[in-house]
Amino acid sequence: MTGKRPGYFEENNEPISARIATGLHKIGLAMKQQSWQQANGVGLSATQGQILATLVASGPLTGKELSERLGVTLPTISDSVRVLVEKAMVTRSADPRHPRASLLTPTAAGAALGARARSWPEFMADAVADLAPEEQRAFFAGIVKMIRMLQEQGLVPVSGMCVTCKHFRPNVRTGPAPHHCAFVDAPLSSEQLRLDCPEHELAAESARREVWEQFMRRA
Ligand code: SF4
């Protein structure tokens with residue numbers, strides 16, 4: 001069946017890049033809505049939920065470190081932390097690494113809520129699980145590249161990803177796991193790259209560029 005207007009969509013459709021952007025926007029709205037609903041359900045704001053989830057995943061952090069990891073301004077983090085301290089979800093203590101900074105640690109109640117908040121994006125994982133393995137691999141590769149680009153534009157926090165980590169050695173061998181993590185001294189495949197690694201240490205800007213070029217040679 002060819003239809004009466006073959007070629008209609010060649011002339012009357014947005015390019016695929018624009019439709020992907022529209023799709024991502026819709027997914028972003030769904031995630032925002034879910035986080036908001038779930039956070040409200042336990043009496044938190046979405047940012048407070050993210051803070052608790054991050055402290056549970058990464059251990060005690062300063063306000064500045066939280067701001068860098070979440071890509072949220074320091075005043076917004078400070079406001080949310082103040083409320084979390086008032087609600088006895090988080091405690092402040094002196095940071096041995098930075099004498100003038102406070103280290104934020106979740107209390108038992110805060111840790112329990114943080115653990116729940118960590119599972120909020122699971123509705124998305126369920127949707128992704130329905131994709132075929134090769135679709136998941138292509139999707140993941142595209143996401144790594146997109147996030148890297150947005151990071152370099154300063155639109156997404158630079159922390160957490162292998163491709164910006166000083167321990168990452170891309171394409172150092174052939175085979176299914178061509179990369180290497182020097183932190184744990186173990187090979188990893190492109191599908192095993194992390195986006196939110198607690199051991200991540202940001203490489204210097206020039207090293208990041210070199211690592212990315214080396215990664216892209218076979219990506
Ligand atoms: S420390 Fe984490 S982010 Fe860095 S290379 Fe190893 S797995 Fe990746």
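Predicted model: local features only at pLDDT ≥ 70, side-chain atom pairs only at ≥ 80, totals over all residues.
Visitor: What is the protein built from, and in what order do the elements run?

Guide: There are nine helices and five strands. Starting at the N terminus, the order is α-α-α-α-α-β-β-α-α-α-β-β-β-α. The C-alpha trace spans about 70 × 45 × 30 Å along its principal axes.

Visitor: Which domains is the protein divided into, and how far apart are their centres?

Guide: Domain 1 covers 30-118, and domain 2 covers 131-216. Their C-alpha centres lie 26 Å apart.

Visitor: Let's look at some helices. Why are α3 and α4 called roughly perpendicular?

Guide: Helix α3 is residues 46-58 and helix α4 is residues 63-70, and their axes cross at roughly 105°. Angles of 65 to 115 degrees count as roughly perpendicular, so α3 and α4 get that label. Their axes come within 11 Å.

Visitor: Which residues make that contact between α3 and α4?

Guide: On the α3 side you'll find Q50, I51, T54, L55 and S58, while α4 brings L66, R69 and L70. Contact here means heavy atoms within 4.5 Å. Sorted by kind, the residues where α3 meets α4 are four nonpolar, three polar and one charged.

Visitor: And what makes α3 roughly perpendicular to α6?

Guide: Again, look at the angle. Helix α6 (residues 108-118) packs against α3 at about 100°, with the axes 7 Å apart. The range for roughly perpendicular is 65 to 115 degrees, and therefore α3 and α6 qualify.

Visitor: Which residues of α3 and α6 meet?

Guide: From α3 come G49, L52, A53, V56 and A57, and they meet G110, A111, L113, G114, A115, A117 and R118 of α6. In this contact of α3 with α6, eight residues are nonpolar, three are polar and one is charged.

Visitor: On to the strands. How do you know that β1 and β2 pair?

Guide: Count the bridges. Pairing takes at least two bridges, and strand β1 (residues 90-95) and strand β2 (residues 98-106) have six, in the antiparallel sense. So by that cut-off they count as a pair. For instance, D95 stands opposite H98 in β2, and S93 has L103 of β2 as its bridge partner. The two strands form a hairpin, with two residues between them.

Visitor: How do you know that β4 and β5 pair?

Guide: Strand β4 (residues 179-181) and β5 share three bridges, in the antiparallel sense. The cut-off is at least two bridges, so this counts as a pair too. Facing P187 in β5 is H180.

Visitor: Last stop, the ligand. Which residues surround the ligand?

Guide: Around the ligand are C162, C165, H167, F168, C181, F183, R194, C197 and E199. A residue makes this list if one of its heavy atoms lies within 4 Å.

Visitor: How do the residues of that shell divide?

Guide: Six are nonpolar, one is polar and two are charged. Cys and Phe count as nonpolar here, while Arg and Glu count as charged.

Terms used
Residues numbered from 1 in each chain as written. Heavy atoms only, no water. Helix = DSSP H or I, 4+ residues; strand = E, 2+ residues; numbered from the N terminus. Domains from an automatic or database assignment. Axes fitted to C-alpha atoms, helices over the stretch in contact; angles between N-to-C directions. Parallel < 35°, antiparallel > 145°, perpendicular 65-115°, else oblique.
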